[in-house]
Amino acid sequence: MAGHAKAYHPGDTISLKCGPLNAGKSVKLGRYIDSGGSTSIFQLADDPSKAIRLPKDEMLVQFDAKMIPPSQFITFFINGYAPMKNAGVPVVRMYDFCKGKYVIVDYLEERLSLQDFLVQYDHLDPKERETIFNALVDFALTTSPFDDIGDFKSTSLVYSKSLNLWRLIDLTQHHKRHKSENSDETPFNYLFREVEILQLLQDGKIRKQVLDGLILRLDEAIQMKRHHSCEPELSRLSPTRTNHEEIGR
Ligand SMILES: Nc1ncnc2c1ncn2[C@@H]1O[C@H](COP(=O)(O)OP(=O)(O)OP(=O)(O)O)[C@@H](O)[C@H]1O
Ligand SMILES: [Mg+2]
């Protein structure tokens with residue numbers, strides 16, 4: 001995804017306009033990290049443990065059949081952040097933000113994306129693979145209140161080996177809450193429809209069996225959690241049912 005024209009360059013000074021923490025100050029851009037469809041990411045020159053997300057350039061981006069400016073995705077990220085954080089879904093730490101302008105987050109050096117994990121699956125040491133997968137199940141369980149996470153895709157979710165933790169690094173505000181008991185949608189269902197994933201399947205870079213098996217297990221874990229989170233209600237009706245904590249996570 002790297003290599004798109006970008007509006008900013010290492011060494012540029014960005015004035016932090018609207019805070020809330022650093023309004024009036026400025027930061028200097030350090031190393032250019034990467035760009036996606038809408039956003040360029042740079043390390044901060046004076047604090048390389050942090051990264052800044054900036055609109056990639058002026059070119060309009062297609063989103064839900066509309067063409068919108070990349071700056072809108074900065075706002076989408078900011079608006080989408082709190083619902084995830086409040087629900088306990090692990091997400092990269094955000095330090096400062098200004099809608100339409102910038103977001104300052106942790107720079108994550110270690111990042112094995114879900115897409116990388118799927119591609120590398122057969123080449124990983126089975127024990128390590130299991131550890132990474134178990135951490136992915138832990139992440140998936142935190143998403144149980146949502147049928148979908150805004151712009152959830154296989155490059156938005158990254159694993160840190162040292163923390164043994166999967167976290168979101170990119171998102172929008174377009175989450176779908178899990179409202180109906182009849183819905184068996186989970187954010188992971190949507191990976192089946194991701195163009196990049198379909199292409200990797202077609203190119204033989206991801207095995208369908210691996211993808212199907214993985215998503216099935218993640219979906220099952222989420223459904224179990226949803227099911228058991230209803231059980232305290234049942235326990236009030238039946239005094240004999242007491243070990244829900246052991247079943248739920
Ligand atoms: N906090 C971070 N630390 C380190 N690298 C990051 C961070 N956030 C994003 N990146 C890198 O930058 C790349 C592009 O970021 P991101 O996917 O968020 O851009 P985007 O324009 O929002 O993408 P998309 O158009 O797919 O939504 C990522 O694939 C990742 O490699
Ligand atoms: Mg994005």
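Valine 210 is partly exposed, because 15 other C-beta atoms lie within 10 Å; a residue counts as buried with 20 or more such atoms within 10 Å of its own C-beta, exposed with 12 or fewer, and partly exposed in between, with C-beta atoms placed from the backbone. This is a predicted model, where local features need pLDDT of at least 70, side-chain atom pairs count only at pLDDT 80 or more, and totals for chains, interfaces and linings use all residues. Residues are numbered from 1 along each chain as its sequence is written, while chains are lettered from A and ligands numbered from 1 in the order in which they are written.

Valine 210 sits in helix 5, residues 208-229 (helices are DSSP runs, H or I, of at least four residues, numbered from the N terminus). Leaving out neighbours within four places in sequence, valine 210 is in contact with Leu118 and Tyr121, meaning that C-beta atoms, placed from the backbone, lie within 7 Å. Valine 119 is 91 residues away in sequence from valine 210, yet their C-alpha atoms are 9.6 Å apart.

Now for helix 5 itself. Here is how some of its residues sort out:

| Group in helix 5 | Residues |
|---|---|
| Buried | Leu214, Leu218, Ala221, Ile222 |
| Exposed, on the other side | Lys208, Gln209, Asp212, Gly213, Leu216 |

Seen down the axis of helix 5, the buried residues fall within an arc of 90 degrees, so they line one face of the helix; the arc is taken from the directions from the helix axis to the C-beta atoms. An α-helix has 3.6 residues a turn, so residues three or four places apart point the same way. Part of the cover over the buried residues of helix 5 is helix 3 (126-142).

Terms used:
Helix = DSSP H or I, 4+ residues; strand = E, 2+ residues; numbered from the N terminus. Contact = placed C-beta atoms within 7 Å.
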